[in-house]
Amino acid sequence: MIDDLIYILEKQPYRLKIMACIILAELMMLSVFLFWPVQEKKSDLFQDFNSMEDAITIEDVQITTQRSSPPPPPSPQVPVPVPNDQIIEEEPIVMEELNIQNMPNPIDETGRGPGGDSDQVAASPDQSPSLVRIVEPTVPEAAKKQDIKAEIWVSFLVNTEGNVEEASISEIRLYNGDGQSYKSVKSIDYGLAEATIEAALRWKFRPAKKDGEPVRAFTEHIFSFGF
């Protein structure tokens, strides 16, 4: 072995030089890795730096509190026009001052018969007045020429003797030419209302009775014209 090494050193010096260089290079590389000073990790340094920036940022932030929004402004008021009309104060009408008996009938056609009595009128007698005599009204010539078709409703107040104490028109129905449809009117021309009242006052009745005694009572009948 030693002989071979000596032979190599004597006969092949270039190979020894190459091996020596290789060994020297390896020793230098090992010494670099073994004896090179260890440096601090950059990651820790960067981490500390980032945490410092975060701390500075948090300290600089100002804490604010959210306040409720202010209430909306009130809506503008609409001006109310003030009337310039003058108010006229009227004196109230006292019902006691009105004389109901003297107020006119809406259909102002009323007639009164002769005499009469002061007995009270029976609202619901046991037996209503019954007809004994009918007097037809005289139709004026003007109404005949106009071919008037009408019904006049007459309210009779019959006294205890069967005479007509009062007659008044309660309704007037004026019919069309066909005699089928009608309309209620407050008055009628051609003297028909006057002729109706004049005839109604001449009617004769059997008086109404209540508890077997004659009493004053109302009854109603219709006068027809042009049918």
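## Report on a predicted chain

The backbone nitrogen of Gly162 lies 3.0 Å from a polar atom of the Asn159 side chain. This is a predicted model, in which local features need pLDDT of at least 70, side-chain atom pairs count only at pLDDT 80 or more, and totals for chains, interfaces and linings use all residues. Residues are numbered from 1 along each chain as its sequence is written, and side-chain values use heavy atoms, with hydrogens and water left out.

The Asn159 side chain also reaches the backbone nitrogen of Glu161. A polar contact is a pair of N or O atoms within 3.5 Å; within protein, one must be able to donate a hydrogen and the other to accept it, and residues adjacent in sequence count only if both atoms are side-chain atoms.

Asn159 sits in the loop between S3 and S4. Its relative accessible area is 3%, so Asn159 is buried (under 20% relative accessible area; exposed is over 50%, partly exposed in between; 1.4 Å probe, protein chains only).

The chain has 5 helices and 9 strands, taken as DSSP runs (helices H or I, at least four residues; strands E, at least two) numbered from the N terminus. Their order from the N terminus is α-α-α-β-β-α-β-β-β-α-β-β-β-β. Of the 227 residues, 22% count as buried.

The largest nonpolar core has 22 residues. Such a core is a set of buried Ala, Val, Leu, Ile, Met, Phe, Trp, Tyr and Cys residues joined through side-chain atoms within 4.5 Å. Strands S3 (150-158), S4 (164-175) and S9 (217-225) and helix H5 (192-200) each supply at least two of its residues. Ile152, Val154, Phe156, Ile188, Leu192, Trp203 and Phe223 have the most contacts inside this core. Leaving aside neighbours within four places in sequence, Ile188 is in contact (heavy atoms within 4.5 Å) with Ile148, Ala150, Ile152, Ile172, Leu174 and Ala193.

In H5, 7 of the 9 residues are buried, so this helix is largely enclosed by the rest of the structure. They are Leu192, Ala193, Ala195, Thr196, Ile197, Ala199 and Ala200.

Across the chain, contacts between residues at least 6 apart in sequence join residues at least 24 apart in 79% of cases.
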